[in-house]
Amino acid sequence: MTIDINIVEEGEELAKPSQAPMTGAVSAAPGRRRGKRPKLLFLRNSKAVAGLVILAFFFLIAIIGPWIAPYDPSARSEDVLQPPSWEHWFGTTHLGQDVFSQILVGTRGVIVVGFVAGILATAIGVVIGVTAGYVGGLGDESLSVLANVFLVIPQLPLIIIIAGQLPSVGGVTVAVVIAITGWAWGARVLRAQTLSLRRRDFVEAARSNGESTWRIITAEILPNLTAIIASGFVGTVAFAVLSLITLSFIGIGDTGEWNWGTVLYQAQSQLALQRGAWWWFVPAGLCIALLGMSLTLINFGIDEFVNPRLRSTAQNARSLRKRGIRPRIGFTPVVREAKEDRA
Amino acid sequence: MRFFLRRLGFYVITFWAAVTINFFIPRIMPGDPVRALIAKNQGRISTDAEAALRTLFGLEKETTLWQQYLDYWGLILRGDLGTSFAYFPTPVADVIAGAIPWTIGLVGIATIISFTIGTVIGSGIGWRRGTWADSLLPISTFFSAVPYFWLALIAITIFSVTLGWFPASGSYDRSLVPTFSWEFIGSVIYYGTLPALTIVISSISGWILGMRNMMVTVSSEDYVTVAQAKGVSERTVLFGYAARNAILPQVSSFALSLGFIVGGTLIMEIVFSYQGIGYYLFTAVAAKDYPLMQGIFLVITVAVLFANIVADFVYGVLDPRTRQEG
Amino acid sequence: MTLTDPLDGAGATSLASPGHLQRLTPSADPVLEIRNLSVDYGYDDDPVHVLRQVSLTLGRGEVLGLAGESGCGKSTLAYAATRLLPPPGLITGGEVLFTDRSGVKTDLLRLNETQLRASRWQDMAIVFQGAMNSLNPVYRIGRQIADGIRAHEPKTTQKEALERAAEMLDLVGIAPDRLRSYPHELSGGMRQRVMIAMALALDPQVLIMDEPTTALDVVMQRQIVEQIAELRDRLGFSVIFITHDVSLLIEIADRIAIMYAGEIVEDAAALDVYHRPRHPYSSALLHSFPPLRGPRRELIGIPGSPPDLSKLGGGCPFRDRCEFAFDACSKVNPELVYPNVPGDDPRRSVACLRHDPAAVRAVGEEPLPVPAELSQT
């Protein structure tokens, strides 16, 4: 998965004391846009909008899924292993259960676990990351080591041995376990950024004004971490969704509780592959991919919003080619289109 | 030197943390599932093995927690991870020892291939920003969002069930006797190709995206412009200046995300019924074989730590700043 | 004050070379001519015009200072002339003519990639602002100097290139055993010297220095400036020295061009700019820096801030901050003309409507005389 890698990079990127652009002109361009409302700017990012729309769709399904499902997802029928048809859009299982209904009903479990785990892990990450970055010294050292330990220890096997030893594993339990093991990415990035914020003038000023630590953190530091917290949250949700589905897929958790992973678990254990029942596992996987992509896109939007250098010029690549511009480092394109207004 | 000592200290701490987590998990969990398993196998289990299991899972209520912890470390350092129930009465350590070469062979090689190719592609895309190469991004975004194991299911459907090019499961032709013969090695490669390809395809996009972003960042550094100003060849600028620096964070993120990747690729073994650590973890979960589960977790952690040490060493070789004295 | 004014005695200035004033013959033997160079920033529909029809000539062996506030386009000019401006910079017109030692002129903007690569460093080398990031952190400095040499002289072996690199280091006063150092092992001043050594490795005819001393302390600044002056005398290359510090330029430059809002507003001999500024902006800029030597003068900041380049209409870009602005200034953008002061050096030029009555009359306004501040002799 890439989201996490991106977050760390972005963090390292941000952690550097903002690099001075090479020429005066370079700094002129971003400054020009500063006047517009930043929130609207984020929503003007087509990637972010696409991501949000897909996410909203899954949210809707998570809420209304059980009501609009045409069948009871667990109800057996005579139509065993049917390929997709008008009666069963996604076909049926070996017991004649409707896969479409299973997906619809299962959306809620995925979204709930993803977001509960995301919120919990982000909360832990913010507390530990900001504390480490702000306190510094020995406290920082030990909290950083703690975060790095949790980063290095393979999370999925850890989740598996914890969840595997619990007598009963409901959705919320899984979410808690995922949150306990998955907070470290966010904490690491937030620590780096807090560290650099702490040395900035406005924080120094607030401190010399005698403002309380609590106020400095809530009023000066946290607002400047919003983008990173948001991207960490989105990344953790994606991680949590993948973890939940993987856990369900290997049969950990309550198999009576429908989610996309349990659909895949059943498909795998009932040899859907060998029976050629592609409709059994393809829709669930595509839903996971779509949800994951929407989260990745939102994160791209946040990344590009924070770090304009990453903004892809792909959308206007064609117009650039038409004008003969090939943006390159070290070879400024020459286009003779200036109006001769000052001979 | 200080860099390496610091890192080494960190790995010692991480190892200690992993063992300690392993120690506490069964003690915190409600119920004593292992006691029931021991009871079920009463008479078949040797006294020594039973004592080891009691120590590992905290069934000796009469001793103090501290004494239990010390005993636990004694067992771990002796390499005694208890007895597997699913493969009774094979010791956990033996089960793992039989599985780990397969995992290292498959996951290790596939991960290195994926990292290498992904880094090369990523540097290309990052360097040629604003060209057709950017259109590869949405594709890699898609692959980065798909769970590894689902891709494995699709791969099996297409290449094994439909096309019949590769076997759908296993790690070598069962009619062969494992020896160092060309026939056997060929069979291992044949069986390993599809899982390895799937691992490469599913994990490569992460490396592509990471390297691309680093290239974009590094490309605007002054030393890249200086290199262009010097008029050295494009190759030298790209590989000697831009990619050479962009790979540094890529290597550290390799170390950090290794745990994640290993977790994901282990599930691949389940789908392919490939007899590595991941497959045994799956059977352990299914059979509620707790000693095996915990042993596997510990071994995976140690393996990831070793890979991290290697990655750190590579980083140290690549970045002269880490070799600074003082 | 015991410091002497540079003009008071010919031998009083230790920095200026003996031929300081004689060298002021740029147009006779130009090595680099920038003509009507225009640069946009941004590939979208409303780019910022950061350079508008800028023309500048660098004479052989001359030190040309380029000064102005941050964001005036002075660095952009240097990067655009070498085609090193990073995206989304875009050269939209003009010529950059380089004359080699045999007198052949080439337009750098019309070279293809291979030709440009071959020309770079050999003809024109550049020392960047902030030596911290200009050196590749993962290579030893010897290798970084050598790879520039070997890129242009493929027959040179690595050993020969390193020997040459050692000589170059020696030239800038760094012990040759530093070849095996990494950039992080050097101090800021040393790194900047390494950059200069690197830039001179191929004996270029033009050396562009973009704020080469900004990140250094004052002592180091002086040392570097003296070293450049000394090397120029020895090796005979021409220099474009870019800085916002005008007083530093008086020390080193033969000629100074003042830039404002993407245009050159005044171009004259260094001492003429210093003692007899003709443009209100030059005058104001000079008063915003303490002079390095000579009588102390009153420091006055320039009111207001540089205009937003994306919102420039017609008219003089400096008019809102100019104490001598009048009605015509909002109607026509002044062009570089010979100053309207009798007895001025015929090679100097200024872009101000106070000096250009013809342009004022052309838009139907009544010209105003040149104020006393801008017509000192």
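This note walks through a predicted model of chains A, B and C, point by point.

1. **How to read the model.** Residues are numbered from 1 along each chain as its sequence is written, while chains are lettered from A and ligands numbered from 1 in the order in which they are written. Since you are looking at a predicted model, local features need pLDDT of at least 70 and side-chain atom pairs count only at pLDDT 80 or more, although totals for chains, interfaces and linings use all residues.

2. Start with the secondary structure of chain A, which comes to 14 helices and zero strands. Helices here are DSSP runs of H or I with at least four residues, strands are runs of E with at least two, and both are numbered from the N terminus. Of the 343 residues in chain A, 54% are buried; a residue is buried if 20 or more other C-beta atoms lie within 10 Å of its own, exposed if 12 or fewer, and partly exposed in between, with C-beta atoms placed from the backbone.

3. UniProt, in an unreviewed entry, places the feature "transmembrane region" at several spans of chain A, including residues 225-252 and 278-302. Its positions are given in the numbering used here, feature names are shortened, and annotations may be inferred rather than shown by experiment. In the model, residues 225-252 of chain A are 89% helix and 0% strand, with end C-alpha atoms 36 Å apart. Residues 278-302 of chain A are 100% helix and 0% strand, and their end C-alpha atoms also lie 36 Å apart.

4. For residues 254-275 of chain B, the values are 82% helix, 0% strand and 25 Å between the end C-alpha atoms.

5. **Where B meets A.** How many residues of chain B are in contact with chain A? There are 70, and they touch 57 residues of chain A; two residues are in contact if their C-beta atoms, placed from the backbone, lie within 7 Å. H10(B) gives the most to this side of chain B, with 12 residues. By class, the side of chain B that touches chain A has 42 nonpolar, 25 polar and three charged residues. In this scheme Ala, Val, Leu, Ile, Met, Phe, Trp, Tyr, Cys and Pro are nonpolar, Asp, Glu, Lys and Arg are charged, and the others, Gly among them, are polar.

6. **The largest nonpolar core.** This core has 300 residues, and those with the most contacts inside it are Ile296(B), Ala197(C), Ile240(C), Phe241(C) and Ile258(C). A nonpolar core is a set of buried Ala, Val, Leu, Ile, Met, Phe, Trp, Tyr and Cys residues joined through C-beta atoms within 7 Å. H10(B) contributes the largest share, 19 residues. Leaving aside neighbours within four places in sequence, Ile240(C) is in contact with residues including Leu58(C), Val206(C) and Met209(C).

7. **A strand pair in chain C.** Chain C has 11 helices and 11 strands, and 52% of its 377 residues count as buried. From strand S6 (residues 124-127) of chain C, Met124(C) and Ile126(C) point one way and Ala125(C) and Val127(C) the other, and all are buried. S6(C) pairs with strand S7 (residues 206-210) of chain C in the parallel sense over four bridges, where pairing requires DSSP to find at least two bridges between two strands. Val127(C) stands opposite Met209(C) in S7(C).

8. **An enclosed helix.** Why is helix H10 (residues 280-287) of chain C described as largely enclosed by the rest of the structure? Six of its eight residues are buried, so the rest of the structure largely encloses H10(C). Among the buried ones are Pro280(C), Tyr281(C) and Leu286(C).

9. Cys72(C) lies in the loop between S3 and helix H1 (74-81) of chain C, and it counts as buried because it has 28 C-beta neighbours inside 10 Å. Cys72(C) and Met259(C) are 187 residues apart in sequence, yet 6.2 Å apart in space, C-alpha to C-alpha. Asp320(C) is in the loop between H10 and strand S11 (349-350) of chain C; with 14 C-beta neighbours inside 10 Å, Asp320(C) counts as partly exposed.
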